[in-house]
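Subject: The structure I promised you

Hi there,

Here is the structure we talked about, ready for you to open and turn around on your screen. Have a look at it, and then read on for what I found.

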Amino acid sequence: IYNFETHSDGSSYIVMEYVGGKSLSDILKAKMAERGGEFQALPPDQAIAFMIEVLPAFAYLHAAGLLFCDFKPANLIQVADTIKLIDLGGVRRVDDDLSPIYGTVGYQAPEVAELGPSVASDIYTLGRALMVMSSEFRGYQTEFVDSLPPLSRMPLFAEHDSFYRLVQRACAPV
């Protein structure tokens, strides 16, 4: 954020860095369009590399007493060979019990409605985004909105046990 401006009428806006490129969500949609509607996931190592690249931004927010709250693949923009975290509209203070909570169905931790957001719920959104980017995670916004599918429905898990354990830990109930 470069600046925060308030007009005399009370409206305000944030001046931020322009980030060109495409979101990971758009990249996945383009891959699917190229394949005639067939989903093509990112390889697990690439999806994990994207997450590793964004973790310092989450560490910075958490150290400052802030929570991202609404992370998903649409919030990552690939710019050349790097990733940028965008859309900080849902960020709130850890101790804020009054502001509206923003989240996206299928990514938000199930306990947020009752307990509010937390560092653990931010980690949950990272795990869910990792699943959506690296597999055809059907039902993540419906049948499996608050859980992971069984191993029998996720060939990726059978092939990469350590990946499964990583996602399972990130999406563990509080």
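To start, is Lys-72 buried or exposed? Lys-72 counts as buried, at 16% relative accessibility. Please keep in mind throughout that this is a predicted model.

**Charged pairs**

Lys-72 has a partner: it forms a salt bridge with Asp-70, and the closest N and O atoms are 2.9 Å apart. Asp-70 counts as buried too, at 15% relative accessibility.

One joins the side chains of Asp-96 and Arg-92, with 3.9 Å from N to O. Asp-96 counts as buried at 17% relative accessibility, and Arg-92 is buried with a relative accessible area of 6%.

The other is between Arg-138 and Glu-136, whose closest N and O atoms are 2.7 Å apart. Here Arg-138 is exposed, with a relative accessible area of 59%, while Glu-136 is partly exposed, at 39%.

**The strands**

Strand E1 (residues 3-6) pairs with strand E2 (residues 12-15) in the antiparallel sense, over four bridges. If you want a place to begin, Asn-3 stands opposite Val-15 in E2. Five residues lie between the strands of this hairpin, and Gly-10 takes a positive phi near 95°.

There is also an open sheet of three strands, in the order E3-E5-E6, with antiparallel pairing. Which strands stand at its edges? They are strand E3 (22-23) and strand E6 (82-85); each has a single partner strand, so one side of each is left without a neighbour in the sheet. E3 and strand E5 (residues 76-79) run antiparallel and are joined by two bridges. Within that pair, Lys-22 stands opposite Gln-78 in E5. As a reminder from class, strands of a sheet pair through backbone hydrogen bonds, either parallel or antiparallel.

**The nonpolar core**

Now for the inside. The largest nonpolar core has 36 residues, and those that touch the most other members are Met-51, Phe-71 and Val-167. The elements that give two or more residues to this core are helix H1 (24-34), helix H2 (44-63), helix H4 (119-134), helix H5 (155-159) and helix H6 (161-170). H4 supplies the largest share of the core, seven residues.

Leaving out residues up to four places away in sequence, Val-167 touches Gly-127, Leu-130, Met-131, Leu-148 and Phe-157.

Which residues of H6 are buried? They are Phe-163, Tyr-164, Val-167 and Ala-170. These four cover an arc of only 130° around the axis, which puts them on the same side of H6. The general rule behind this kind of pattern is that an α-helix has 3.6 residues a turn, so residues three or four places apart point the same way.

The face of H6 turned away from its buried side carries the exposed residues Ser-162 and Arg-169. As for what covers the buried residues of H6, this includes H2, H4 and H5.

**A serine in H1**

Ser-25 lies in helix H1 and is buried, with a relative accessible area of 18%. Not counting residues up to four places away in sequence, Ser-25 touches Pro-73 and Ala-74.

**The cysteines**

One last thing to check. How many disulfides does the structure hold? It holds zero. A disulfide is a covalent bond between the sulfur atoms of two cysteines. The cysteine sulfur closest to that of Cys-69 is in Cys-171, and the distance is 16 Å, too far for a bond. To count as a disulfide, the two sulfur atoms would have to be within 2.5 Å. Both residues are away from the surface by the accessibility cut-off: Cys-69 is buried, with a relative accessible area of 5%, and Cys-171 is buried as well, at 11%.

Write back with any questions, and enjoy exploring!

Best wishes

Notes: Residues numbered from 1 in each chain as written. Predicted model: local features only at pLDDT ≥ 70, side-chain atom pairs only at ≥ 80, totals over all residues. Heavy atoms only, no water. Buried < 20%, exposed > 50% of the residue type's maximum accessible area, 1.4 Å probe, protein only. Core = buried A, V, L, I, M, F, W, Y, C linked by side-chain atoms within 4.5 Å. Contact = heavy atoms within 4.5 Å. Arc of directions from axis to C-beta. Pairing = 2+ DSSP bridges. Salt bridge = Lys/Arg side-chain N within 4 Å of Asp/Glu carboxyl O.
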